[in-house]
Amino acid sequence: MSVLSSLYSLIMKSGLPPVTPLAKSVSSGTRLNLAVALDGIGKTAEAEAIYLDMLQADPSEVGAGINLGDIWIRAKRYADAAAILHMIVLRAPDASAAWCNLSTALSGLGDHEQALVAANEAVRSSHDNPKAYYNRAECWWALGQHQLAIRDYETALECDPQDAEINEKLQLARIAVQE
């Protein structure tokens, strides 16, 4: 199945309302910002519709694909998220955020080995992205590689020392390994 036909089938099965003419009459950057703002105030369906419309017009719209994948991950639509994010990483192989989200989607599907591959790509494309190391740590943990998970939690915390979630996961991992 081609990338465009995959995208079309995802758009058709979304069942979302069409995008308003106002949202279509502005630049893609403005549309992206509008969708982010809508998602931020809880109008996720409207944001999703804008992202889908943007991707239908231009399947290489990286920001829209990453954000749409994030919405679908939050909705636990992991297979849809993985499909759109896979298309995005093919077009933008250095987009660390896309690789991070793809890793999360694949983990949500229970495919921790492929999630680890995506997390490795996220780390490769951005050595200072705490989410990349955090996602890889989550994969290592799921695969039973606890020391490697702890190492990546530590690196994630070095990248963002203020992240309470990473710090908590690191402490829990250390306790679990000691038991």
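How many helices and how many strands does the secondary structure of the chain come to? The count is 11 helices and 0 strands, where helices (H or I, at least four residues) and strands (E, at least two) are DSSP runs numbered from the N terminus.

**View 1. The whole chain, a predicted model.** This is a predicted model, in which local features need pLDDT of at least 70 and side-chain atom pairs count only at pLDDT 80 or more, while totals for chains, interfaces and linings use all residues. Residues are numbered from 1 along each chain as its sequence is written, and side-chain values use heavy atoms, with hydrogens and water left out. Of the 179 residues in the chain, 43% are buried, buried meaning under 20% relative accessible area, exposed over 50% and partly exposed in between (1.4 Å probe, protein chains only). Among contacts (heavy atoms within 4.5 Å) between residues at least 6 apart in sequence, 50% join residues at least 24 apart.

**View 2. The largest nonpolar core.** A nonpolar core is a set of buried Ala, Val, Leu, Ile, Met, Phe, Trp, Tyr and Cys residues joined through side-chain atoms within 4.5 Å, and the largest one here has 50 residues. Its largest share, 8 residues, comes from α6. The residues with the most contacts inside this core are Y51, L68, W72, I84, L102 and Y153. Leaving aside residues up to four places away in sequence, L102 touches A82, L85, H86, V89 and A118.

View 3. After α7 comes G110, whose phi is positive, near 85 degrees.

View 4. With a disulfide taken as a pair of cysteine sulfur atoms within 2.5 Å, the count comes to 0 disulfides.

**View 5. The surroundings of D39.** D39 lies in helix α3 (residues 28–40) and is buried, with a relative accessible area of 17%. Not counting residues up to four places away in sequence, D39 touches T44, A47, I71 and R74.
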